[in-house]
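Visitor: I have a structure to go through with you. Please take my questions one at a time and end each reply on what I asked for.

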Amino acid sequence: MPEEDTFEAFRGGRRTIPGARRHQRWRGAAVFSGITLLLCAVVTLDVVIVASIDDAPVFVGHALPSLATMVEGLRNIYAVCTREMCKHLEQIQQNVESAGSTASPQLREALRRMHVVPEDVPGLFPFTLADVRSVRREAGFPVPPEGDKDWDAWIFQQLLKLYSPIALARVPNDDAGGAGVDTQGASEPTQPWPPALPNLLMADSDTVWVKPMSFLRAPDSGSGSGGSSSGGGGGGSGGGGSGGPTAPSSNSAAPMPQCWYSVASVSSGAFSGDAENGVEHIRNLPPLSVAVAGGHATAACVNVSLVPLPIQSRRGRLGDAFTAITHHSVFQHDVIVALLQGLEGACASGGGAGTGSSAWQQLAAVHPFLSEYELYLSFANQFFPERVALRSLPYANCGMPVVVPSGLVNPEWPRDYTHIHVTPQPVYITMHDNFPSNAICCVNTAGECAPEGAKLYTCSAPQDSNGTGGGEYGTEAECAAAGCCFRDAAPPGERCVQTACSTCGAGSSNVRHLRPAEVVAAVQRLHMCQRAVFPATPGAEELRHTGGALGSQGAGGTAAAAARTRIAGFASCVHNGTLPAMAA
């Protein structure tokens, strides 16, 4: 996460940033020793990672090479970083080109694709960390205690993600773009970075991808969690305006594609705080003024429409809460522009927190905290439903030593990551430096009971306030109620053991323990609903409403209505455990 002492306390003026330019479609192939990554499909997206020097070990050693190897249709990687981290990354780029470098082929390829973007280039973003701290103090947020989590920096990096599709859509020193690169800085790019594509994968800097993954859904996709990807090219150039984001041209030659968005539930393993509180900030934002071109619904003061994501809006008979906070998302340029413009629109003058403020000021000051992934998906679902396809990718959160390979040149990469005994296997793993070294929890996948060769930990009942009781759960019912596995044939003291990977909400005081069978059922339900409602290869009925393609086609209300019906069908499926009529 960004570090406060690496930022210069200057305030950049607000200005207009032109939209993304159209890009040529690229084809290419990157061949590694022992691993071949074919980019035979049209290159369709770039990746943005926001990182500080604290993120360097995981980002450079694991996350960065995994992006170049596993993200299908990838063109460039943009590292938006603190000055210290930028210098570190540039030094690594130079070192791997030197004679005798032992960097892995995966890391070399990632560094070749990477563009280093200092986060404090004057005028690139309309705020600095110092600005965010000031706004949050005015909003009543306390100064983060020394040694505790720096919530100011945490909010700042989320704002950087939200504004990156606009900020990176231009070339530094471009006369049409306003302020250029600060040539006096200690770590400026050695050459201007190319304008980013309008489809941007945003991923946390500590997230490591371990299986090939496509993020754009197309009629010829091979898989909902892999396969070749194809989709839209560039967006139009920006129009006029002052002081805010600039909308792309409505007559862009290529349509914007439909993207995959991953969701999780408490029952399938998500952190309860994410699922229960992730949408709370949306309720506390002032109403939006939204007018989206291309046949989408035009509305004013639609705050209530964003609250919340459909599958979050009611618990249903299965009693679950869902979240889009899953360590990554796809942000599209025109959706971000519409969102930020909506926050700065006419409704803001009607009262409410942050009224009359810029979008970033409202988001920095919102209670209890900003979630960029939750906000984006809720907004896109309402106003760009044709762009949304939902899935539930399996992943694991873990402490650093659990799955970290021996080094950058480990010949076994990435098989080191795949020894977790769960079904289905994780698609990505997020490594947390604040987790205990032996900690691991899983989301959208179910831990197996007593897998062969796994290290087992005994489940013990807690002691009461008098220090009595505790010990191993004695019966199968007690063991299962604690979310553990009972082994009848095991000796006393070893009968009730943890699953290979527990749910991430298992230790929360406000969440009851889920029996292993309940987790399995929740995971199966999520994957069943995705296959039924958003299959990897869209069916004829779905394509009939979109003219044979997916995404924003400017087809008017029919396509949007059909897309909303499909999303509602997914919501009904995960809530009630029954397939919608469209997929029956």
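Visitor: Which residue with a positive phi follows α4, and near what value is that phi?
Guide: This is a predicted model, so the angle is computed from predicted coordinates. Helix α4 covers residues 129-138. The residue named after α4 is G140, and its phi is positive, near 95 degrees.

Visitor: Against which helices do the buried residues of α4 pack?
Guide: Buried here means under 20% relative accessible area. In α4 that applies to L129, D131, V132, R133, V135 and R136. These buried residues pack against α5 and α9, the latter spanning 359-365.

Visitor: What is L159 in contact with, leaving aside its neighbours within four places in sequence?
Guide: L159 is among the residues with the most contacts inside the largest core, as are F127 and L363. In general, nonpolar side chains tend to be buried together in soluble globular proteins. With those sequence neighbours left aside, the contacts of L159 are F127, V132, W360, L363, A364 and L370.

Visitor: What is the strand order of the open sheet of three strands?
Guide: The edge strands, each pairing on one side only, are β8 (216-217) and β15 (388-391). Strand β9, residues 258-262, pairs with β15 in the parallel sense over four bridges, and W260 stands opposite A389 in β15. Pairing in the sheet is mixed, and the order is β8-β9-β15.

Visitor: About what angle does the direction of α10 make with that of β15?
Guide: Helix α10, residues 372-383, packs on the sheet and touches β9 and β15. Taken between N-to-C directions, the angle can run from 0 to 180 degrees. For α10 and β15 it is about 130 degrees.

Visitor: What percentage of the protein's residues count as buried?
Guide: The protein has 15 helices and 25 strands, and exposes about 22,400 Å², of which carbon and sulfur atoms supply 51%. Among contacts between residues at least 6 apart in sequence, 80% join residues at least 24 apart. Of the 584 residues, the share that counts as buried is 57%.

How values were computed
Residues numbered from 1 in each chain as written. Predicted model: local features only at pLDDT ≥ 70, side-chain atom pairs only at ≥ 80, totals over all residues. Heavy atoms only, no water. Pairing = 2+ DSSP bridges. Helix = DSSP H or I, 4+ residues; strand = E, 2+ residues; numbered from the N terminus. Contact = heavy atoms within 4.5 Å. Core = buried A, V, L, I, M, F, W, Y, C linked by side-chain atoms within 4.5 Å. Buried < 20%, exposed > 50% of the residue type's maximum accessible area, 1.4 Å probe, protein only. Areas by Shrake-Rupley, 256 points an atom, 1.4 Å probe, with all protein chains shown as cover.
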